[in-house]
Amino acid sequence: MTRKRVAILISGRGSNMMALIEAAKAADYPAEIAVVLSNVPDATGLARVGEAGIAAEAIDHKPFGQDREAFDRQLDAALEAHRIDIVCLAGFMRVLSPWFVARWNGRLINIHPSLLPAFKGLHTHERAIAAGVKEHGATVHFVVPELDSGPIIEQASVPVLPGDTPDSLAARVLEVEHRIYPRALRRLAESLI
Ligand code: GRF
């Protein structure tokens with residue numbers, strides 16, 4: 001079995017990244033985590049990657065200012081250098097340019113903390129509670145130019161309980177995120193082999 005080479009892009013704590021790294025340790029997993037890239041040099045997640053013996057690189061977006069595509073070209077060069085097949089966004093807090101999204105079409109996936117198409121964008125847990133929904137959850141989807149809108153690969157729901165705060169709901173959702181992201185990556189990697 002030739003494993004697909006995966007890059008994980010993060011901006012923060014990297015708990016989904018760790019879930020993917022753990023899953024990829026299984027002998028029969030069809031993907032290996034080749035590199036973790038962060039646009040935030042001091043992202044807490046970056047420090048955790050070294051411990052796992054995986055390459056970790058920061059590409060700070062700040063020097064690129066408003067030039068989104070120039071940053072994305074740098075990102076793309078790093079992905080090429082690591083011979084990446086699949087890109088997983090995991091708490092990567094930057095909108096990617098249409099150029100980048102087109103280039104990685106079908107091989108670029110994201111995890112979003114809601115049952116898409118409900119609650120695209122930020123503050124999903126707060127908005128779910130305010131809307132009074134009884135079910136909330138997480139979605140892994142292909143990335144398309146429109147934010148949080150691509151075809152869905154995996155989705156899982158959790159109940160919204162009386163007395164939930166955005167934090168308590170986020171913690172419940174995060175548990176299912178860590179289950180569905182490795183499953184979605186497995187499915188994508190297998191489909192590309
Ligand atoms: C997760 O809730 C993910 O769904 C969202 O950002 C958060 C990242 O958390 N896109 P972590 O960095 O994976 O811990």
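Pro117 lies in the loop between strand S5 (108-112) and helix H5 (124-131), and in this predicted model a cis peptide bond, with omega of about 15°, joins Leu116 and Pro117. Arg83 is found in the loop between helix H3 (68-81) and strand S4 (86-89).

**The largest pocket**

The largest pocket holds about 960 Å³ of space, and 39 residues line it, with Gly91, Met93, His112, Pro113 and Leu122 lying nearest its centre. The elements that give two or more residues to this lining are H1, S5, helix H5 (124-131) and helix H6 (166-192). Of these, H6 gives the most to the lining of the largest pocket, namely five residues. By residue class, the lining of the largest pocket divides into 19 nonpolar, 14 polar and six charged residues.

**The ligand and its shell**

The ligand sits in the largest pocket, and the elements that give two or more residues to the shell around the ligand are helix H1 (15-23) and strand S5 (108-112). The shell is made up of Arg13, Gly14, Ser15, Asn16, Gly91, Ile111, His112, Pro113 and Glu177, and these residues of the shell divide into two nonpolar, five polar and two charged. Gly91, His112 and Pro113, which are among the residues around the ligand, are also among those that lie nearest the centre of the largest pocket.

| Residue | Protein atom | Ligand atom and distance |
|---|---|---|
| Ser15 | polar side-chain atom | oxygen atom, 2.5 Å |
| Asn16 | backbone N or O atom | oxygen atom, 2.9 Å |
| Ile111 | backbone N or O atom | nitrogen atom, 3.0 Å |

On its own the ligand has 360 Å² of accessible area, and the protein covers 85% of this area.

Definitions and conventions: Residues numbered from 1 in each chain as written. Predicted model: local features only at pLDDT ≥ 70, side-chain atom pairs only at ≥ 80, totals over all residues. Heavy atoms only, no water. Near = heavy atom within 4 Å. Polar contact = N/O pair within 3.5 Å; in protein donor to acceptor, adjacent residues only side chain to side chain. Areas by Shrake-Rupley, 256 points an atom, 1.4 Å probe, with all protein chains shown as cover. 1 Å grid on protein atoms, 1.4 Å probe; cavity = no way out; pocket = protein on both sides within 12 Å on 5 of 7 lines; lining within 4 Å. Sits in = over half its atoms within 2 Å of the grid points. Helix = DSSP H or I, 4+ residues; strand = E, 2+ residues; numbered from the N terminus. Nonpolar A, V, L, I, M, F, W, Y, C, P; charged D, E, K, R; others polar. Points joined across faces, edges and corners; volume = space filled by probe spheres on them.
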